[in-house]
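Keep the viewer open as you read.

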Amino acid sequence: MIVETEALGRTFGERTAVDALTFHIAPGEIVGLLGPNGAGKTTTIRMLATLLPASSGTARVCGHDIRDDPDAVRRSIGYVMQQVSPMGYYLLTGREKAEIEASLYHVPRRRVKERAAEVLDLVGLTEHADQLVQEYSGGMQKRLELACGLLHRPELLILDEPTLGLDVQSRHHVWEHIRTLGVAVLLATNYMDEADRLCDRLTIIDHGRTVATGTPAELKEALGVLTLDDVFLAHTGREVS
Amino acid sequence: MTQEVLALTRRWVIILFRERLNLLFSVLQPAVWLVFFAGGLSGAVVIDDYIAFALPGVIAFTVVGNSVTAAMPLLFDKETGYLDKLLSMPIRRGSILLSRFVFQVGMNSAQVIVILLIALPLGVRPATGVPGVIGILVTTALLTLAITSAALALACAAPSHGTFFAITGFATLPLLFMSNAFVPVDSMPAWMEPIARANPLTYAIEAMRLLVMEGWGGGVPVALGVLGVASGALLGVGVWQFARQTGQRVA
Ligand SMILES: Nc1ncnc2c1ncn2[C@@H]1O[C@H](COP(=O)(O)OP(=O)(O)OP(=O)(O)O)[C@@H](O)[C@H]1O
Ligand SMILES: [Mg+2]
């Protein structure tokens with residue numbers, strides 16, 4: 001298994017953000033993590049990415065315990081965050097950012113340039129590689145983030161809302177890349193069409209707890225509805241929290 | 001670890017040279033200090049060769065100013081979330097700190113050399129010659145370590161960049177003026193003297209002043225020793241705060 005969590009939980013003071021979450025991801029599988037705002041998607045991901053200690057339960061990523069061997073976990077994952085303002089590298093070109101991060105992922109020195117060019121090409125940024133990130137559109141910035149998550153050929157790609165704010169073309173572009181990668185993906189998203197098209201299996205959570213899990217087809221069939229939106233609303237309610 | 005530090009430092013160097021105006025102003029700043037303090041005040045003070053006397057103060061001003069801003073990238077990485085991205089990578093936590101020190105020591109050394117060059121036509125030549133210049137660079141490296149550590153600690157502990165700027169704005173000028181930068185400790189008012197003696201800056205300036213005006217004497221190693229201890233202590237605080245911020249041991 002690429003990811004195996006066992007009753008993974010996290011509290012912030014009184015508030016329980018993630019409550020005894022158990023799920024798994026098999027090699028090559030694309031698993032969607034769905035849930036309303038504040039459901040605990042990002043918190044779950046931050047625990048798996050070793051940025052946030054779990055309050056209870058355990059998880060193994062690529063066979064490594066997130067608590068006991070965080071460095072091995074970090075070596076096996078590529079993490080594309082929900083929101084990272086590109087301000088900190090506005091003045092770098094896409095290529096420079098990719099090369100710097102390749103070095104940080106310990107890509108052998110003589111392979112750094114080559115690998116950076118490869119991932120930029122993969123997301124269709126070759127033409128803009130030597131432009132400052134400052135001049136990138138929002139979609140290009142997201143694609144750059146995605147490219148940088150692939151530098152060290154991770155076994156698991158963690159994507160937190162990778163197409164937030166993108167136009168239809170860019171979203172299809174990103175989906176195309178994700179599908180052709182062949183690596184296991186954990187995808188948190190609020191876009192049901194994205195989940196429907198891309199994911200092999202879905203886990204819907206609400207208030208940090210699993211409320212439904214299965215393939216998109218299974219979930220729709222079980223409720224006799226046509227769209228994933230309906231599945232989602234049936235499981236998580238219609239009120240805005 | 002070397003690869004990590006080099007990669008992180010490369011980011012700072014690229015950004016430095018892309019921000020040309022910023023670079024220009026930071027290089028010009030000490031020239032302004034030198035003319036303003038040294039040139040302007042020399043008539044009002046009864047010290048022979050006041051420019052030579054004030055030069056270490058100007059160097060200290062510059063190094064302190066630069067080193068305080070050295071924490072800004074960390075501050076912004078923390079707020080933009082890029083620090084989290086870095087922390088999700090398999091890098092040593094210490095590399096993030098070390099790259100700041102490497103960059104800042106390099107940058108400050110270059111700037112000190114520029115200041116010494118500007119001082120040449122003003123008639124200031126370090127009494128200890130080239131070895132003395134190296135001594136000055138060692139002193140400023142220690143001072144950089146001290147102030148950068150303190151600023152990094154503050155950047156980690158501060159809840160927002162507003163707090164960071166409020167505190168550094170509040171502390172920097174008193175730190176500079178409560179030292180022997182422009183007045184010898186002996187001629188200070190009595191209440192100020194103990195403060196100046198407790199200020200690590202005083203020892204950095206003391207060492208540099210001896211190197212510029214007199215020579216290698218017993219005073220230089222003593223001043224450097226005190227400065228070294230202060231730098232070590234502040235480095236400890238910086239590492240501790242960074243470890244607290246990132247929830248990790250800094251290996
Ligand atoms: N650092 C924190 N301190 C306190 N509470 C937090 C913290 N981070 C998250 N929370 C809380 O945990 C809960 C889950 O937040 P999380 O960011 O995981 O939601 P999400 O599913 O990613 O939502 P969104 O779709 O809006 O991104 C929320 O109630 C949030 O307020
Ligand atoms: Mg989220």
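First, some ground rules. This is a predicted model, in which local features need pLDDT of at least 70 and side-chain atom pairs count only at pLDDT 80 or more, while totals for chains, interfaces and linings use all residues; side-chain values use heavy atoms, leaving out hydrogens and water. Residues are numbered from 1 along each chain as its sequence is written, and chains are lettered from A and ligands numbered from 1 in the order in which they are written.

**The magnesium ion**

Which protein atoms are donors to the magnesium ion (ligand 2)? They are OG1 of Thr42(A) and OE1 of Gln82(A), lying 1.9 to 2.2 Å from the ion. Donors here are N, O and S atoms within 2.8 Å of the metal (3.2 Å for Na, K and Ca); water is not among the atoms, so sites may look incomplete. The two residues are 40 residues apart and link distant parts of the chain: Thr42(A) sits in helix H1 (residues 41-48) of chain A, and Gln82(A) in the loop between strand S7 (77-80) and H3 of chain A. Helices (H or I, at least four residues) and strands (E, at least two) are DSSP runs, numbered from the N terminus.

**Helix H3 of chain A**

Helix H3 (residues 94-104) of chain A is mostly covered, with 10 of its 11 residues buried. Buried means under 20% relative accessible area, exposed means over 50%, and partly exposed is in between (1.4 Å probe, protein chains only). Among the buried residues of H3(A) are Lys97(A), Ile100(A) and Leu104(A). The buried residues pack against helices H4 (112-122) and H5 (138-149) of chain A, together with helices H1 (2-18) and H5 (82-87) of chain B. After H3(A) comes His106(A), with a positive phi near 60°.

**Positive phi elsewhere in chain A**

Most residues other than glycine have a negative phi. Thr50(A), not a glycine, has a positive phi of about 65°, and lies in the loop between H1 and strand S5 (56-61) of chain A. Arg153(A), not a glycine either, has a positive phi of about 50° and is found in the loop between H5 and strand S8 (156-160) of chain A.

Asn180(B) is in the loop between helix H8 (161-177) and helix H9 (192-198) of chain B. Beyond its neighbours within four places in sequence, its contacts (heavy atoms within 4.5 Å) include Phe53(B), Leu201(B) and Arg209(B). A polar atom of the Asn180(B) side chain lies 3.3 Å from the backbone oxygen of Thr202(B).

Gln104(B) belongs to helix H6 (residues 93-119) of chain B. Its side chain has a polar atom 3.5 Å from the backbone oxygen of Asn66(B). Not counting residues up to four places away in sequence, Gln104(B) also touches Ser67(B), Ala70(B), Thr144(B) and Thr148(B).

**Accessibility side by side**

| Residue | Relative accessible area | Class |
|---|---|---|
| Thr42(A) | 25% | partly exposed |
| Gln82(A) | 23% | partly exposed |
| Thr50(A) | 8% | buried |
| Arg153(A) | 52% | exposed |
| Asn180(B) | 1% | buried |
| Gln104(B) | 3% | buried |

Conventions:
Polar contact = N/O pair within 3.5 Å; in protein donor to acceptor, adjacent residues only side chain to side chain.
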